[in-house]
Amino acid sequence: MPKTIIWDLETFGWDFKADRGFILCGCWKVLGESDVKTEVRTNLISSMWDDKDICLRLYRVLSSADRWVTHNGKRFDVKFLNVRLLKHGLPLLPPMGRRHIDTCELTWKNLAMRSSLKNIQEFFELKTAKTPVNLQTWAQAAAGNKKALQDVVT
């Protein structure tokens, strides 16, 4: 059975561009396993812009997959992580092509409905929803506030 990883990044920066931002955390779940794994930055206070360690850990995890599932990962997460990998002289993620299933892309290309996670969750009456996080919490998390960072991870 192919190894499928469902994953997401949480980032901080200006204008959603990786050359003006950095990774706060990455979460993933291997399909068929029960636990969700999270890599959280530990060096935010001492070195806000140095996300090399988390980039390397995420690269290793994601490179081990046969298939990815993301929400807006093709337009954001993969590109953001690849820029951060390049910044640190690390290899790019392997191209997945059709083996990358992006639920946001599938929704806006194939269904006549809004593709936000909140809309999908409400429409299909899913039991879990994305936790809303305001800008102040994001900024506090980026500055190394542990409680704010935990709110972003949640």
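How many bridges join β1 to strand β4? Three, and the two strands run parallel. The views below show a predicted model, in which local features need pLDDT of at least 70, side-chain atom pairs count only at pLDDT 80 or more, and totals for chains, interfaces and linings use all residues. Residues are numbered from 1 along each chain as its sequence is written, and side-chain values use heavy atoms, with hydrogens and water left out.

**View A. The open sheet has five strands.** The strand order is β3-β2-β1-β4-β5, with mixed pairing. Two strands pair if DSSP finds at least two bridges between them. The edge strands are β3 (36-40) and β5 (100-102), each pairing on one side only. From one strand to the next, the twist averages 25 degrees. Helix α1 packs on this sheet and touches β1, β2, β3 and β4. The direction of α1 makes about 30 degrees with that of β2. Contact means heavy atoms within 4.5 Å. Helices (H or I, at least four residues) and strands (E, at least two) are DSSP runs, numbered from the N terminus.

View B. β1 spans residues 4-13, and seven of its 10 residues are buried. Buried means under 20% relative accessible area, exposed over 50%, partly exposed in between (1.4 Å probe, protein chains only). Nine bridges join β1 to β2 (residues 21-30), and this pair runs antiparallel. Ile-6 stands opposite Lys-29 in β2. In β4 (residues 67-70), the bridge partner of Ile-6 is Val-69.

**View C. Helices α1 and α2 cross.** The axes of α1 (residues 52-63) and α2 (residues 73-87) come within 10 Å and cross at roughly 125 degrees. That angle makes α1 oblique to α2. Angles under 35 degrees count as roughly parallel, over 145 as roughly antiparallel, 65 to 115 as roughly perpendicular and the rest as oblique. Axes are lines fitted to C-alpha atoms, for helices over the stretch in contact; angles run from 0 to 180 degrees between N-to-C directions. Cys-55, Leu-58, Tyr-59 and Leu-62 of α1 meet Leu-81, Arg-84 and Leu-85 of α2. Six of these contact residues are nonpolar, none is polar and one is charged. Ala, Val, Leu, Ile, Met, Phe, Trp, Tyr, Cys and Pro count as nonpolar, Asp, Glu, Lys and Arg as charged, and the others, Gly among them, as polar.

**View D. Thr-137 sits in helix α5.** The helix covers residues 135-142. Thr-137 counts as buried because its relative accessibility is 14%. Leaving aside neighbours within four places in sequence, Thr-137 is in contact with Ala-148 and Asp-151.
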